[in-house]
Amino acid sequence: MKNFEFASPQTEAEAVGLLQDHGGRTAVLAGGTDLVGLLQADLVAPERVVDVRQIQSMSGVRREADGLWVGALTTLDDVLASPLLKPYLSLVQVADAHHAIQIQSSGTLGGDLCHLPNCWYYRNGYGLLAMKDGESLVETGDNRYHAILGNSGPAKFVNASRFAPALIAWGAKVRIIGPAPEQVEVVPLEYFYISPKSANQGNTILKPGQLISHIWLPAIEPTHVSATYEVLQMEGLDWPLATASVTLDVEGGIVRAARVVLGHVAPTPWVSQEAASLLRNQMVTEDLANAVGAAAVSKATPLSNNEYKVQIAKTAVKRAVLKAVGQLEGGL
Amino acid sequence: MRDRETQERYGPDVSRRSFLKGSGVAVAATAIATAAEEALAQDKKAASAASSSKAQDVELTINGEVHKLKLEPRVTLLDAIRNDCHLTGCKEVCTTKNCGACTVMIDGKAVYACTRLAIAEQGKKITTVEALSAGGKVDPVIPCFIKHDATQCGYCTPGFVVATRAFLNEHPKATLEEIQKGLGGNLCRCGTYDGVAKCALELAKGGA
């Protein structure tokens, strides 16, 4: 691990200032569950690490007229304990599915959204695009956990965030601060992620010196229902093979509006318009849920070793839809 | 078992580690807080928001004791606890938040010590497995692990014991399903999961 300076600011403005130095070659530390591992593996080598956990304005959940403002430092434990977040079932389900009290106590929502891919080529130093001698290691190598959608470009990894699908299905936005002092933008989370086209591009729109301070969620209506269905290989702490989150607006048994978002299937969270459009103005049945699942993966282009993920993603969507309306039987 | 053998061979106050150190097989550099270092610690409060990358004063409160150390910002909490504070109960195995062998408590919550920087954990109440059998008071988790044969090679055991204690503190009436989920962040290559779960379940039922 290369050495770095350490800073522990008290305010958002101080944090932005500290992140700008060294030409933006700085890193944000919150729970540490991703960054400290990246530092130890020399995959990230900042000149300065800025611990943002002392910034009180970035903690807690606030109800405002326009919806909820959730601090980026909100931990998984906080998600599970928050009365304000409780109605957003699909989010609570993700926090609950992290089968490790150590991650639930440390991991933050902001950190989850910025979690770098778990692609083993990336984690072993071959970069996000996993190129060696001009060739994609993923295409010819072991790609069992890689993308089955949106993988025609150079990026084949899957986005690692577990909360992004549920948050995007709720129409969440992120409040991004920096790099200039006082600079603030609020961006739909759906547009936060990018599939990099070149080796020096990241996988989010964050520029050096920027960080997520808050997540905005729309106010919940009594007709809103939601669910997340993650397919995990292990009972313990594990990353999903595929995941699906749905948010539905159901009136009199009929779906008025729907959002279907898949995770761990593409370099970005995958919003499926095909799946959502099948749900609109329909009553949810098992047959419909099946068709929605099939529609969500209809454009899948699996790699040499991950065709199995197509079926898993399809089933995740089907079960998330049924779970949202309380029709999923038998848990698993 | 090994500890008991060591004690029989070398007397009650000699642990395997202190024997190795004393015999010169492993020589560990000890951080001794000198008067000069203490003076530097006083100045620290006036320091600016950004520290340098050089070794600097770091104070860790572990098991109620303040350790005054000189550490570079890159030193992980796990390395500081093991190498600088010589509390070797927490183990380094994966360093990538996968295995749980390094589990300690910070302000009562179970945390992977490999995912924290020591410099960022000053002022927090850090508890390691050593505190669970300190001063002749043994935490009920430990005899219960033995009763249910929840250890084999023992490498994951300290982390598992700390995680079990932290979990039971927050879920004193946990069900088996809740225990299996909550303790899913600790791996055991020998497969002692059944014994660990039985131990946690017994203590949850007894309200310990």
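Of the 208 residues that make up chain B, 41% count as buried. The model is a predicted one, and the values discussed here are computed from it. Chain B contains eight helices and five strands. Followed along the sequence, these elements give the pattern α-α-α-β-β-α-β-β-β-α-α-α-α. Among the contacts in chain B with a separation of 6 or more, 57% are accounted for by residues 24 or more positions apart.

Chain B also touches chain A. In this interface, 32 residues of chain B are in contact with 30 residues of chain A. On the side of chain B that touches chain A, at least two residues each come from β4 (109-112), α6 (157-170) and α7 (176-182) of chain B. The strand β4(B) gives the most to this side, with four residues. Sorted by class, the side of chain B that touches chain A has 13 nonpolar, 13 polar and six charged residues.

The discussion now turns to chain A and to two of its helices. Two packed helices are described by the angle between their axes and the distance between the axes. In chain A, helix α11 (residues 286-296) and helix α12 (residues 308-324) pack at an angle of about 140°, and their axes are 8 Å apart. Angles over 145 degrees would count as roughly antiparallel, and those of 65 to 115 as roughly perpendicular; the angle found here therefore makes α11(A) oblique to α12(A). The crossing in which α11(A) passes α12(A) is right-handed.

Which residues of α11(A) meet α12(A)? They are Glu286(A), Ala289(A), Asn290(A), Val292(A), Gly293(A), Ala294(A) and Ala296(A). Their partners in α12(A) are Ala313(A), Lys314(A), Thr315(A), Val317(A), Lys318(A), Val321(A) and Leu322(A). By class, this contact of α11(A) with α12(A) has eight nonpolar, three polar and three charged residues.

A further aspect of α11(A) is burial. The buried residues of α11(A) are Ala289(A), Val292(A), Gly293(A), Ala295(A) and Ala296(A). Because these residues cover an arc of only 160° around the axis, they lie on the same side of α11(A). What covers the buried residues of α11(A) includes β13 (254-263), α10 (273-279) and α12 of chain A.

Note on methods: Residues are numbered from 1 along each chain as its sequence is written. Chains are lettered from A and ligands numbered from 1 in the order in which they are written. This is a predicted model: local features need pLDDT of at least 70, side-chain atom pairs count only at pLDDT 80 or more; totals for chains, interfaces and linings use all residues. Two residues are in contact if their C-beta atoms, placed from the backbone, lie within 7 Å. Ala, Val, Leu, Ile, Met, Phe, Trp, Tyr, Cys and Pro count as nonpolar, Asp, Glu, Lys and Arg as charged, and the others, Gly among them, as polar. Axes are lines fitted to C-alpha atoms, for helices over the stretch in contact, and angles run from 0 to 180 degrees between N-to-C directions. Angles under 35 degrees count as roughly parallel, over 145 as roughly antiparallel, 65 to 115 as roughly perpendicular and the rest as oblique. A crossing is left-handed if the near helix is turned anticlockwise from the far one by less than a right angle, and right-handed if clockwise. A residue is buried if 20 or more other C-beta atoms lie within 10 Å of its own, exposed if 12 or fewer, and partly exposed in between; C-beta atoms are placed from the backbone. The arc is that of the directions from the helix axis to the C-beta atoms.
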